[in-house]
Amino acid sequence: MSFQTDFFAKLNFFNHKMMGCIASKPKRSDPINAIKAAVLIQRWYRRHQARMEIKRRYTWEIFTTLEYAGEQDQVELYNFFNSLLTHIPSAAAEESSIRRTSIPEVRLTDDLTYREEYDKSGVKYGGLQITSPISKKDVDLLIEAFRRKKTSHLHPKYVGLILREAALRLRNLPNLHSASTAISKQITICGDLHGKLDDLLVIFYKNGLPSPENPYIFNGDFVDRGKKGLEVFLILLACYLAFPHSVYLNRGNHEDSVMNARYGFIREVEAKYQNNAELLLKLIDEVYRWLPLGSIIDNRVLVVHGGISDKTDLNVIKNLNRSKYISILRPPIESSRTNLEEETKTEWQQVFDMMWSDPQHIDGCVPNMLRGAGTYFGPDVTAKFLKKHKLELLVRSHECKVDGYEYNHNDLLVTIFSASNYYAIGSNRGAYMKLNCKLEAHFVQFISAASKTRELSIRQRVGIVETSALRGLGARLRAKRQDLELEFEKHDPNHTGVITVSEWCEAMEKATHLGLSWRLLRPRLAPSSPTQAECEVNYLVTLQLLDTDTMIKAEEMETSVADSLYKNVSSLEAIFHIIDTDHSGFISVNEFTAAVDLLEKHLPGVNQREHLLRMCRLMDLNNDGAVDLNEFLEAFRLAEQARNKKIATGGPADRRIGGEDIQNLSPNVSLKASTATAAAIADELQEMVFNDLENDIDPSDCETQNG
């Protein structure tokens with residue numbers, strides 16, 4: 001009780017005493033009412049927590065589904081190449097020939113010439129200077145330069161120096177590192193970083209730089225998605241060069257040029273080094289091909305990026321030639337061969353499984369249909385594998401986890417993921433794992449750039465993550481807008497604008513095949529109006545939401561498989577020459593028909609024969625009955641141009657549903673009201689902008705806790 005309150009209480013008592021009366025005692029509260037109030041508060045709190053948990057779960061479901069669906073699209077390229085190379089005679093030799101002529105090999109021992117680079121202000125790239133051999137001092141200088149927003153870019157010759165030195169040293173390493181805790185008594189394992197420099201700097205800030213007493217294993221996926229992939233990659237390579245026996249770099253599925261074309265790393269390099277991008281990307285490919293495939297700690301713990309399958313054999317992995325796998329998504333071709341030998345197929349599949357697989361809760365091993373590559377392997381597969389190779393623990397990454405790490409398979413497997421805020425600000429923690437010589441694990445969880453959300457309420461934090469997920473979903477739905485219209489029309493032949501909730505969910509799933517919890521998402525994509533029955537959905541709101549600027553901008557950020565193929569011209573040239581079986585320089589209708597037959601036979605789900613043949617006829621721009629290479633490439637260029645035009649104009653204008661020509665609207669549906677509702681939803685989904693453009697990266701700006 002404060003002094004003021006105490007004073008007035010005593011004064012009140014004195015007045016009553018002087019007046020000859022004592023203040024009556026306060027009434028005792030009714031215990032039943034108190035209990036009722038407590039129960040009411042508890043019920044409200046539980047409902048609130050349940051709503052927050054539902055939001056968190058469907059948001060996480062959207063993020064992971066979209067991520068895996070995107071990867072599944074990209075793996076279509078792998079399936080396409082694999083089918084062509086396996087089933088078309090001489091295809092492998094043709095593909096190898098194209099690869100040799102279009103991507104000349106870089107000689108790491110040659111002196112390379114670099115062109116000058118300039119920033120947007122016309123200032124020449126300068127900054128720090130690096131000398132060989134690279135030392136701890138160089139690592140410190142790199143970290144300090146990269147963490148500052150206004151520091152000029154590293155000169156391309158020093159980027160090339162780091163890449164060349166790393167490739168030369170990495171190619172002397174075995175396929176599986178042998179790491180030891182004999183001297184250090186512990187080792188730190190980091191998972192995916194995905195171009196998030198702030199997370200890497202937090203790890204070094206909290207855990208120290210690599211040294212003989214502080215060794216690290218970085219378990220792949222250093223690049224893509226984040227904006228600082230090149231900086232992360234260069235720092236890690238510099239650390240390896242400065243501390244070769246204290247830094248172990250494993251290859252991930254994103255250390256692959258085909259994935260980089262889709263997920264941003266190639267665009268990042270091209271933007272930062274416009275005059276030297278081609279040469280630097282070739283050097284990066286050389287580093288990729290020589291990265292080891294995993295690490296073994298004290299002959300007891302295996303660390304690989306993705307996982308294993310029931311066919312994984314470490315003896316095969318140890319003895320294969322990993323330099324063949326410039327891209328894991330493209331078959332390893334040898335110029336002297338016309339097709340893949342059975343042994344090479346086995347090796348390739350094992351490498352693929354190690355990069356792409358995920359654990360599952362049930363026993364067995366099945367194809368990973370969600371990603372489109374690798375396997376789902378169960379607890380029995382893990383236990384059998386560890387027993388066979390006399391190991392005690394499997395450590396892998398490859399999957400984002402809410403808490404940064406997760407145990408599975410009766411604690412025989414652990415997933416570690418080190419990119420915090422991966423999907424959106426506040427979506428997840430990052431973590432790193434410290435393993436001592438007794439295999440006792442200690443986890444440190446963290447969130448970088450914590451000041452961005454420190455002042456926000458829990459509701460606001462959940463809201464940021466939810467809106468980010470819905471924008472990503474909107475971008476995916478825009479690509480399927482016509483399919484959505486057709487599905488809605490099937491349930492609404494009279495164009496009333498109204499269907500049932502069940503019909504709306506069915507239409508959404510049939511058009512997208514995403515497997516999401518559409519009933520939970522319905523209030524966010526097609527909320528009910530006061531005049532609507534609870535079981536009805538005004539699907540016009542969903543369609544008009546996809547035409548808002550918010551969703552158009554979200555789609556603009558996406559990169560399709562066709563886009564990444566077009567930017568990787570060598571892949572298109574290889575496909576062209578494989579289909580051109582008579583080497584005439586033209587694809588005839590008969591040759592294209594043979595390729596279509598092949599795809600229908602060997603690729604599940606490809607059964608649109610007439611549509612594909614029509615595509616061939618459309619590619620024949622000069623109507624001479626055959627498609628030459630220029631026409632083939634031009635078709636992809638025009639497709640990309642049309643997509644960009646569609647984005648700029650907001651999509652096709654001849655829609656039958658959602659336009660002003662729609663007839664027979666339900667009395668409870670108004671086009672004007674639907675448009676207003678869609679606009680209101682879009683406003684709620686606007687991205688929150690954090691004003692940090694001029695700030696340096698501060699690794700101390702983080703929240704950490706022990707797992």
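Select G294, which counts as buried at 0% relative accessibility; buried means under 20% relative accessible area, exposed over 50% and partly exposed in between, with a 1.4 Å probe and protein chains only. The model is predicted: local features need pLDDT of at least 70, side-chain atom pairs count only at pLDDT 80 or more, and totals for chains, interfaces and linings use all residues. Residues are numbered from 1 along each chain as its sequence is written, and side-chain values use heavy atoms, with hydrogens and water left out.

**Around G294**

G294 belongs to strand β5, residues 294-297. Helices (H or I, at least four residues) and strands (E, at least two) are DSSP runs, numbered from the N terminus. Next, display N175, L176, H177, N250, V303 and V304: G294 is in contact with these residues, leaving aside its neighbours within four places in sequence. Contact means heavy atoms within 4.5 Å.

Most residues other than glycine have a negative phi, and most peptide bonds are trans. Select D221, in the loop between β3 (216-218) and α7 (229-242). D221 is not a glycine, yet its phi is positive, at about 55°. Is D221 buried or exposed? D221 is buried, its relative accessible area being 2%.

Move to N410, in the loop that runs between β11 (405-408) and β12 (413-416). This residue, also not a glycine, has a positive phi of about 60°. N410 counts as exposed, at 70% relative accessibility.

The next stop is P133, in the loop between α3 (91-102) and α4 (136-147). The peptide bond leading from S132 to P133 is cis, with omega near 0°.

**The positive patch**

Finally, select R43, R47, R51 and R459, which gather in a patch of positive charge on the surface. Patches are made of residues with over 30% relative accessible area and no salt bridge, like charges being joined within 9 Å and nonpolar side chains (Val, Leu, Ile, Met, Phe, Trp, Tyr) within 5 Å. A salt bridge is a side-chain nitrogen of Lys or Arg within 4 Å of a carboxyl oxygen of Asp or Glu. The place of an Arg charge is taken as CZ.

Which helix supplies the largest share of the positive patch? Helix α2 (residues 31-87) does, with three residues. R47 lies in helix α2 and is exposed, with a relative accessible area of 53%.

Terms used. Areas by Shrake-Rupley, 256 points an atom, 1.4 Å probe, with all protein chains shown as cover. Lys, Arg positive; Asp, Glu negative; His and termini not counted.
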